[in-house]
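Please keep the sequence and the 3D view at hand while reading.

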Amino acid sequence: MSYNSDTIQLETKVPVREIMRTNPKTIDYHATVAHAARKMCSKDPSGSCIVLRDGVAVGIVTEQDINCKVVARDLRPSEVHVSEIMTSPLITIGTDKTVEDAAHLMIRNRVRRLPITNEKGVVIGIVSVRDIVAVSTEINELMGELVVINRADDISSGMCSRCGQMSDELTSIDGSLICPNCMEDDRL
């Protein structure tokens with residue numbers, strides 16, 4: 001883990017399995033878009049369904065697919081099949097990968113959801129951009145607080161940011177470490 005005092009940047013190796021949502025919604029390859037929309041809106045709403053063909057994940061259909069490929073074209077959801085609008089091939093990531101790996105894969109492939117597969121290639125979870133942002137924000141807030149605590153407790157000696165002289169009595173002011181002489185000069 002590392003940080004830069006100007007901007008806290010957290011590098012972490014959080015496994016993607018720690019933030020994934022388990023049991024993603026699935027739908028059969030031959031199902032209609034209307035069926036997929038109902039499934040997405042049912043208990044525990046989600047913005048996607050993994051498309052299965054003979055029990056194997058072959059694609060994903062999202063709310064955006066429905067809006068852009070069906071609604072915007074004034075097509076009837078009950079007459080369009082998910083296989084016609086799904087994104088395929090399915091881009092996945094293994095449970096042994098990190099949140100950082102997942103974010104890079106999403107960026108590279110311009111996707112907002114990433115199915116998580118086990119060692120047998122079976123989809124067991126899903127992670128979204130929103131999931132990654134939530135965990136990253138939380139970790140960065142905690143790191144910010146830890147840096148502040150560390151500065152308050154551990155910094156008492158070192159080099160003054162203003163005069164460059166060594167001191168055993170530094171005080172942190174606006175992110176700079178100031179010696180008693182420079183603080184006295186500021187008061188005059």
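## Lead points

Helix α4 is followed by Arg 110, whose phi is positive, near 55 degrees. The model is a predicted one, in which local features need pLDDT of at least 70 and side-chain atom pairs count only at pLDDT 80 or more, while totals for chains, interfaces and linings use all residues. Residues are numbered from 1 along each chain as its sequence is written, and side-chain values use heavy atoms, with hydrogens and water left out.

**Overall make-up**

- The protein has 6 helices and 11 strands, where helices (H or I, at least four residues) and strands (E, at least two) are DSSP runs numbered from the N terminus.
- Of its 188 residues, 33% count as buried; buried means under 20% relative accessible area, exposed means over 50%, and partly exposed lies in between, with a 1.4 Å probe and protein chains only.
- The accessible surface of the protein comes to about 12200 Å², and 49% of that surface belongs to carbon and sulfur atoms; the areas come from the Shrake-Rupley method with a 1.4 Å probe, and for residues only the protein chains shown count as cover.
- Among contacts with a separation of 6 or more, 47% join residues 24 or more positions apart, a contact being heavy atoms within 4.5 Å.

**Backbone features**

- Most residues other than glycine have a negative phi, and most peptide bonds are trans.
- Arg 110, in the loop between α4 and β6 (113–117), is a residue other than glycine with a positive phi, and at 77% relative accessibility it counts as exposed.
- Asn 23, in the loop between β1 and β2, likewise has a positive phi, near 50 degrees, in a residue other than glycine, and Asn 23 is exposed, with a relative accessible area of 68%.
- The peptide bond from Ser 88 to Pro 89 is cis, with omega near 5 degrees, and Pro 89 is found in the loop between α3 and β5 (93–94).

**Helices with a buried side**

- In helix α1 (residues 33–41), the buried residues are Val 33, Ala 34, Ala 36 and Met 40. These four cover an arc of only 160 degrees around the axis, which puts them on the same side of α1; the arc is that of the directions from the helix axis to the C-beta atoms.
- The cover over the buried residues of α1 includes strands β2 (26–28), β3 (48–53) and β4 (56–62), together with helices α2 (63–71) and α3 (82–85).
- In helix α4 (residues 99–109), Val 99, Ala 102, Leu 105 and Met 106 are buried. Their arc around the axis is only 125 degrees, so they lie on the same side of α4.
- An α-helix has 3.6 residues a turn, so residues three or four places apart point the same way.
- On the face of α4 turned away from its buried side are the exposed residues Ile 107 and Arg 108.

**Selected buried residues and their contacts**

- Ser 48 is found in strand β3 and counts as buried at 7% relative accessibility; leaving aside residues up to four places away in sequence, Ser 48 touches Lys 25, Met 40, Ile 60, Val 61, Thr 62, Arg 113 and Ile 126.
- Cys 49 and Gly 59 are 10 residues apart in sequence and 8.7 Å apart in space, C-alpha to C-alpha.
- Thr 95 lies in the loop between β5 and α4 and is buried, with a relative accessible area of 19%; not counting residues up to four places away in sequence, Thr 95 touches Pro 15, Val 16, Arg 17, Ile 116, Thr 117 and Ile 124.

**The largest pocket**

- About 500 Å³ of space lies in the largest pocket. On a 1 Å grid over the protein atoms alone, a pocket is an open set of points where a 1.4 Å probe fits, with protein on both sides within 12 Å along at least five of seven lines, and lining residues have an atom within 4 Å of a point. Grid points are joined across faces, edges and corners, and the volume is the space filled by probe spheres set on the points.
- The lining has 18 residues, of which Arg 21, Ser 46, Gly 47, Arg 113 and Ser 128 lie nearest the pocket's centre.
- At least two lining residues come from each of β1 (21–22), β7 (123–128) and α5 (129–154), and α5 gives the most, with 3 residues.
- By class, the lining has 4 nonpolar, 6 polar and 8 charged residues, where Ala, Val, Leu, Ile, Met, Phe, Trp, Tyr, Cys and Pro count as nonpolar, Asp, Glu, Lys and Arg as charged, and the others, Gly among them, as polar.
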